[in-house]
Amino acid sequence: VSFVGNRGTFIRGYKAMIMDVEFLYHVGYIVTSVLGLFVHELFYSILLFDLIYREETLFNVIKSVTRNGRSILLTALLALILVYLFSIVGFLFLKDDFILEVDRLPDSKAKGFFWTVLGGCGIILSLAAVAPAEADPEQWERACDTLLMCIVTVLNHGLRNGGGVGDILRKPSKDESLFPARVVYDLLFFFIVIIIVLNLIFGVIIDTFADLRSEKQKKEEILKTTCFICGLERDKFDNKTVSFEEHIKYEHNMWNYLYFIVLVRVKNKTDYTGPESYVAQMIKNKNLDWFPRMRAMSLVSNEGEGEQNEIRNLQDKLNTTMKLVSHLTSQLNELKEQVWE
């Protein structure tokens with residue numbers, strides 16, 4: 001209530017409230033707290049993500065994924081297409097090599113079914129029958145008797161293994177006729193999917209995070225070396241009577257400008273002075289021409305003093321020159337008189 005009250009959310013209408021992202025965030029925060037209080041304590045752990053919202057560095061980590069989300073999704077779609085193609089090749093030619101070691105539950109007594117939920121659609125498919133548990137702990141089962149099972153196996157094990165899908169397939173003998181095909185199959189999956197496609201996704205995320213970090217550093221550098229009000233840089237105040245720190249603290253303090261804007265908004269229009277009326281009209285038109293852009297009183301005074309000093313120097317030189325001319329004129333007149341005599 002304090003947040004939306006200070007922001008003036010209640011007086012802007014329901015449409016503005018719904019479109020306000022921060023307001024919706026706080027509403028979700030309250031709903032999560034209520035669910036944790038009345039439903040289950042697990043919802044309290046979700047509130048820890050508030051640290052990401054409050055810390056800009058962590059928020060940039062999330063933005064590194066969402067900023068170029070379209071590129072990442074398209075690259076992931078390419079990876080799924082490649083997995084689908086490799087699954088078809090495995091189903092047609094290497095079906096007998098998809099034999100996986102499984103660990104069955106010791107209390108399994110009857111035949112059952114292996115169920116898989118595909119995505120968020122809730123489609124449940126029976127893929128393969130599970131044999132009853134045996135005494136031998138090392139058990140094997142075929143994982144590519146259907147195309148769907150091949151796709152699930154390649155997607156699940158192929159992307160999670162560092163060497164690709166070849167790490168979980170049967171190790172063929174070099175005397176087998178399909179040994180060269182297995183070598184090509186394993187190497188192509190490793191180079192195309194693991195090295196190229198996955199690293200493309202990682203590269204997009206890392207490059208985006210580096211760009212966000214450089215943008216943040218650039219903003220901080222601008223705030224440290226440039227006046228927020230007039231836009232003059234620090235080097236403009238070198239060898240001047242007023243330093244850059246004194247300028248941004250006393251001459252162009254941005255908080256004083258904010259206080260003045262608040263004063264203009266809360267003050268009665270009939271009590272406006274001339275400058276206040278002018279600034280109020282500028283604020284209403286969203287015009288910032290009343291800001292002293294690229295100007296500062298200290299620099300103007302220094303420039304004026306410099307011009308006055310130059311004028312004084314010129315006057316002194318002119319007076320000296322006039323005196324010298326007068327002296328030379330007198331000497332010339334004396335020389336003329338001597339010549340005539």
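Before I come to the helices, a word on how the packing was described: axes are lines fitted to C-alpha atoms, for helices over the stretch in contact, and angles run from 0 to 180 degrees between N-to-C directions. The helices themselves (H or I, at least four residues) and the strands (E, at least two) are DSSP runs, numbered from the N terminus. Please keep in mind that this is a predicted model, in which local features need pLDDT of at least 70 and side-chain atom pairs count only at pLDDT 80 or more, while totals for chains, interfaces and linings use all residues. Residues are numbered from 1 along each chain as its sequence is written, and side-chain values use heavy atoms, with hydrogens and water left out.

Let me start with helix α7, residues 69-93, and helix α8, residues 147-160, whose axes come within 9 Å and cross at roughly 125 degrees. That makes α7 oblique to α8, since angles under 35 degrees count as roughly parallel, over 145 as roughly antiparallel, 65 to 115 as roughly perpendicular and the rest as oblique. Helix α6, residues 56-66, packs with α9 at an angle of about 140 degrees, and their axes are 8 Å apart.

Within helix α8 sits Gly-158, which is buried, with a relative accessible area of 0%. Here buried means under 20% relative accessible area, exposed over 50%, and partly exposed in between, with a 1.4 Å probe and protein chains only. Asp-103, by contrast, is exposed at 68% relative accessibility, and it lies in the loop between β1 (99-102) and β2 (112-118).

Now to the charges: how many salt bridges does a search of the whole structure find? There are eleven, a salt bridge being a side-chain nitrogen of Lys or Arg within 4 Å of a carboxyl oxygen of Asp or Glu. Glu-276 and Lys-267 form one of them, with 2.8 Å from N to O; Glu-276 counts as buried at 9% relative accessibility, whereas Lys-267 is partly exposed at 26%. Arg-142 and Asp-145 meet at 2.9 Å, and both partners are partly exposed, Arg-142 at 34% and Asp-145 at 42%. Lys-174 and Asp-175 pair at 3.5 Å, and here each partner is exposed. There is also a network of salt bridges, which links Asp-97, Arg-170, Glu-176, Arg-182 and Asp-186.

Finally, the surface carries a nonpolar patch with about 940 Å² of accessible area together, and its members include Leu-223, Phe-228, Trp-255 and Val-266. Patches are made of residues with over 30% relative accessible area and no salt bridge, where like charges are joined within 9 Å and nonpolar side chains (Val, Leu, Ile, Met, Phe, Trp, Tyr) within 5 Å. Helix α11, residues 254-266, supplies the largest share, seven residues. Leu-223 belongs instead to helix α9, residues 179-225, and counts as exposed at 59% relative accessibility.

Methods. Areas by Shrake-Rupley, 256 points an atom, 1.4 Å probe, with all protein chains shown as cover.
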